Amino acid sequence: MNLKPLVEPDRVHKSVYTDPKIFDLEMEKIWERTWVYCGHESQVKNPGDYHALTIGRQPMVMVRQKDGSVQVLYNRCPHRGVQLVGNLKGNTGSAFVCSYHAWSFHLDGKVRAIPLAAGYEGTRLTRDNPDCSMKRAARVDSYRGFVFASLASEGESLRDFLGEARIAFDDMCDRSPVGEVEVVPICHRVVQHSNWKFFMENQLDSLHPSVTHQSTGISAGRVEKRLKAEQGSAPLYYHYLSTFASSFEQWDAVQTINFPRGHGILKAYMGLRPQDPDTLAHEALLKQAYGEQKAEEYLSRSIHHVLVYPYLSVQSPLQQLRCLRPISPDKTLSEIWHFRLKGAPEAIYRRSLWYYNLVNSPATMINADDLENWTKGQWGLQSNGGDWVSFHRHFGDDRVEAGVTYSNHGTSEAVMRNQFRAWSTYMSAA
């Protein structure tokens, strides 16, 4: 399939969002070759703890080993193909046992027992045949407790793949006095009726918030203003929402930084360092742990969103991570996780939990607005109303240095242009 005519510097053809053949090729060329996020080490604390996930079209399971390491296996019995794990999470004890014919496997996937083994005498199904063990992901690695796997046996290291986007995990962990986070075990799961690219393009799109989220932002701003007038201050969660309705001029002043491989950063636009007792207590712990200069360096980073293309959105100052699991050209699962800063005051966790729920819970008004736009976008692209998707905004105006694109305007569509450069590279690889 010749994909080159579908992506131009300032626009892309609608078929890259709608064509099932292109979607299948994405699964093969991108998702099942690159490093994909599996979960956090704290999701599998004890030997036998597992977390089920998908990498591209492949059902996988992340499991804690007896020696403390983490392995990622294909969730499939090598006998008749039945998935060995049916729940999203749990503890499998000392072995995986197939519910169909009771084949069992050690936690590392190696076959442990084949029931009624005499029936396989003279065949290839013997315990010393590697094909009788669960297949492992070709490569597994982690960065600061965040676990990734690649189904390709060759390729760049995880550290090289993440590149400058490592700051997402550094920024989150560095806000803990002990340099570590742990997952909050409740995950918001949302199935969006749209192609996965809509989500990734939207995360650093600074033009849409004042339009899409206007009703929520303006309403929250009115309450915030009234409370400040009456009481002298307002809870921070009103500020979380009111900033969505910032003026276009304010959004245009926020820079995006766009890296090779499609990764990117939306710099900070929301004030998250109020001088209240809880914040000051947290900062005092960081200064005690890291020294005043290093703590200030950590706290003054200008980050709101970091994207790890093609599937991850990390809001490190708010301890939130969203991961995509594509299902079909017009259906995508997003998993939204929240993290606790180890050693930080409980109030800091509670404060960030407000944002997690205000923006992502089933009752949210923010994510609901986005989901509606993406669904309508998918419907529109399936119509005969036009063939191209425009990414012309501030085209030619961005600054490029050493392969990194810096937007001169926050509302530049440099983000989308950069993502499709990465998409084209992945899709054209042999």
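Residues are numbered from 1 along each chain as its sequence is written, and side-chain values use heavy atoms, with hydrogens and water left out. Because the model is predicted, local features need pLDDT of at least 70 and side-chain atom pairs count only at pLDDT 80 or more, whereas totals for chains, interfaces and linings use all residues.

A disulfide is a covalent bond between the sulfur atoms of two cysteines. With a disulfide taken as a pair of cysteine sulfur atoms within 2.5 Å, the count was 0. For Cys132, the closest cysteine sulfur belongs to Cys77 and lies 9.2 Å away, too far for a bond. For Cys323, the closest is that of Cys38, at 8.6 Å, which is also too far. Cys132 has 1% relative accessibility and is buried; Cys323, at 0%, is buried as well. Buried here means under 20% relative accessible area, exposed over 50%, and partly exposed in between, with a 1.4 Å probe and protein chains only.

Salt bridges, defined by a side-chain nitrogen of Lys or Arg within 4 Å of a carboxyl oxygen of Asp or Glu, number 26. One of them joins Glu32 to Arg57, with the closest N and O atoms 3.1 Å apart. This pair links distant parts of the chain, 25 residues apart: Glu32 is in the loop between helix H2 (20–31) and strand S3 (36–40), and Arg57 is in the loop between strand S4 (49–55) and strand S5 (58–64). Helices (H or I, at least four residues) and strands (E, at least two) are DSSP runs, numbered from the N terminus. Glu32 is buried at 15% relative accessible area, whereas Arg57 is partly exposed at 42%.

A salt bridge also connects Glu224 and Lys228, whose closest N and O atoms are 3.7 Å apart. Both residues lie in helix H7 (residues 214–231); they are 4 residues apart and therefore separated by about one helical turn. Glu224 is buried, with 10% relative accessibility, while Lys228 is partly exposed, with 44%. In the bridge between Arg340 and Glu346, the corresponding distance between N and O atoms is 2.9 Å. Arg340 is partly exposed at 26%, as is Glu346 at 39%. A network of salt bridges links Arg144, Asp170, Asp171, Asp174, Arg175 and Arg301.

A nonpolar core is a set of buried Ala, Val, Leu, Ile, Met, Phe, Trp, Tyr and Cys residues joined through side-chain atoms within 4.5 Å. The largest such core contains 94 residues, and those with the most contacts inside it include Phe146, Phe148, Tyr311 and Trp423. Helix H14 (residues 414–428) supplies the largest share of this core, 7 residues. A second, separate core has 18 residues, among them Ala52, Val63, Phe96 and Cys132. Contact means heavy atoms within 4.5 Å. Apart from neighbours within four places in sequence, Tyr311 contacts residues including Trp31, Trp35, Phe148, Met200 and Cys323.

Pro177 lies in the loop between helix H4 (167–174) and strand S13 (181–192) and is buried, with a relative accessible area of 16%. Pro177 and Ala289 are separated by 112 residues in sequence, yet their C-alpha atoms are 5.6 Å apart. Not counting residues up to four places away in sequence, Pro177 touches Leu285, Leu286, Ala289, Tyr290, Lys342, Gly343 and Ala344.
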